[in-house]
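Thanks for making the time this morning. I would like to walk you through one structure, going from its sheet to the helices and then to a single residue.

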Amino acid sequence: MKFIVSSSLLLKELNSIAGVINASNTLPILENFLFHIKKKDLNVSASDLESTMSTTISLDKSDKDGIIAIPSKLLLDTLKTFPEQPLTFVINNENFGIELITDNGKYKLAGQNGEEFPKSPKLESPAKVVLDSNVLSSAVNKTLFASGNDELRPVMSGIFFEINKDNVTFVATDAHKLVRYRRNDAKSSKAASFILPKKPATILKSLLSGSDGDVVIEYTDTNAHFSIGNVTLVSRLVDGKYPNYDAVIPKDNPNKVTVDRNSMLASIKRVSIFSNKTTHQVRLSFVGNEMQVNAEDLDFSNEANERLQCNHDGEDIEIGFNSRFLIEMLSNIESENIVLEMSASNRAGILTPGEGNDKNEDLLMLVMPVMLNT
């Protein structure tokens with residue numbers, strides 16, 4: 001079997017799917033790319049069993065169809081050193097030896113039988129929704145950081161997709177913080193929901209960063225299939241029921257504070273340097289239209305205190321938060337001002353954008369308080 005392909009095109013496409021390959025695999029063949037040549041098209045796949053990514057490249061020339069597994073690290077490391085040129089692959093179908101021929105050299109590497117590569121799951125009668133890549137990118141970026149890492153609670157270690165006839169909602173939580181991102185300009189004729197695990201969600205995030213156009217999402221009870229340009233990602237879904245996130249969002253919050261987002265973010269970043277290194281606690285005190293940001297580390301006699309102007313509607317209140325959570329949340333809101341709503345010092349605080357940049361976008365972030373040191 002023999003085919004010719006552009007070196008830079010091949011490298012670009014392989015890089016787009018290489019992120020799914022684990023550093024160590026239970027199956028050695030998963031350390032390979034699967035090359036499948038069919039009618040002058042080269043389909044390349046990579047997998048970690050949970051997720052499979054593939055991309056299709058049009059070949060300059062191929063003599064016949066075939067399948068071969070090629071060591072991913074060796075191939076990538078070699079391609080990175082080549083200038084743009086046509087590469088000729090000559091594959092021995094008997095012993096799976098691979099000869100790579102360039103303008104000024106030959107390289108030999110040992111492949112494996114492509115038939116032994118795990119098959120990507122086929123989705124039977126999937127439901128389908130089409131989202132703009134920028135919308136999906138925004139949804140994943142704004143929620144992924146809030147997902148958990150607890151292996152004992154796998155349903156919380158991913159992004160919850162809730163697809164309705166009127167909107168699509170994305171939720172992530174680790175029980176300390178929660179983000180709900182809703183789009184009113186995306187919908188499906190069939191309501192459904194699924195939990196996308198953290199690793200494929202992270203891969204999806206990087207895939208979307210440089211893409212335009214639509215993303216076609218097809219899903220069943222067990223798998224989801226994302227098509228972005230000529231790249232596809234198929235992932236096994238988390239099995240289980242997502243927590244009732246609506247139940248934990250406090251509805252009655254009499255204390256409402258509007259403050260400049262950048263000022264609050266910068267203040268918390270500075271003050272938190274002086275906080276306890278275990279709790280990362282910052283204390284927010286609201287008196288009139290003044291907000292005080294305080295942190296201390298009694299073990300080292302470190303303390304910091306800053307004042308900010310805000311628009312405060314409600315009673316005076318003092319509340320403590322983990323500064324790292326606040327910094328993550330404020331960094332993922334794009335509006336000039338943010339609104340912080342609270343009901344009591346032992347109840348969750350709600351962060352929302354101060355002004356709606358997009359009427360189709362509804363973003364809410366919840367952060368649980370930490371016990372204040374008296």
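In what order do the nine strands of the open sheet follow one another? Before I answer, please keep in mind that this is a predicted model, in which local features need pLDDT of at least 70, side-chain atom pairs count only at pLDDT 80 or more, and totals for chains, interfaces and linings use all residues. Residues are numbered from 1 along each chain as its sequence is written, and side-chain values use heavy atoms, with hydrogens and water left out.

The order is β15-β12-β13-β14-β27-β26-β25-β19-β23, with antiparallel pairing; strands here are DSSP runs of E with at least two residues, helices are runs of H or I with at least four, both numbered from the N terminus, and two strands pair if DSSP finds at least two bridges between them. At the edges lie β15 (192-197) and β23 (311-313), each of which pairs on one side only, and from one strand to the next the twist averages 15°.

Within this sheet, β19 (residues 255-260) and β25 (residues 337-342) run antiparallel and are joined by six bridges, and K256 stands opposite E341 in β25.

Turning to the helices, α3 (residues 133-143) packs on the sheet and touches β12, β13, β14 and β27, where contact means heavy atoms within 4.5 Å. The direction of α3 makes about 170° with that of β14; axes are lines fitted to C-alpha atoms, for helices over the stretch in contact, and angles run from 0 to 180 degrees between N-to-C directions.

How do the axes of α3 and α4 (residues 198-208) cross? They come within 9 Å and cross at roughly 135°, which makes α3 oblique to α4, since angles under 35 degrees count as roughly parallel, over 145 as roughly antiparallel, 65 to 115 as roughly perpendicular and the rest as oblique. The contact is made by S133, L136, S137, V140 and N141 of α3, together with A201, L204, K205 and L208 of α4.

Elsewhere, β21 (residues 290-297) and β22 (residues 302-309) form a hairpin with four residues between them, and S301 in the turn has a positive phi of about 55°.

Finally, E318 is found in strand β24 (residues 317-322). E318 is partly exposed, with a relative accessible area of 36%, the class between buried, under 20%, and exposed, over 50%, using a 1.4 Å probe and protein chains only. Leaving aside neighbours within four places in sequence, E318 is in contact with R283, L284, S285, S345 and L372.
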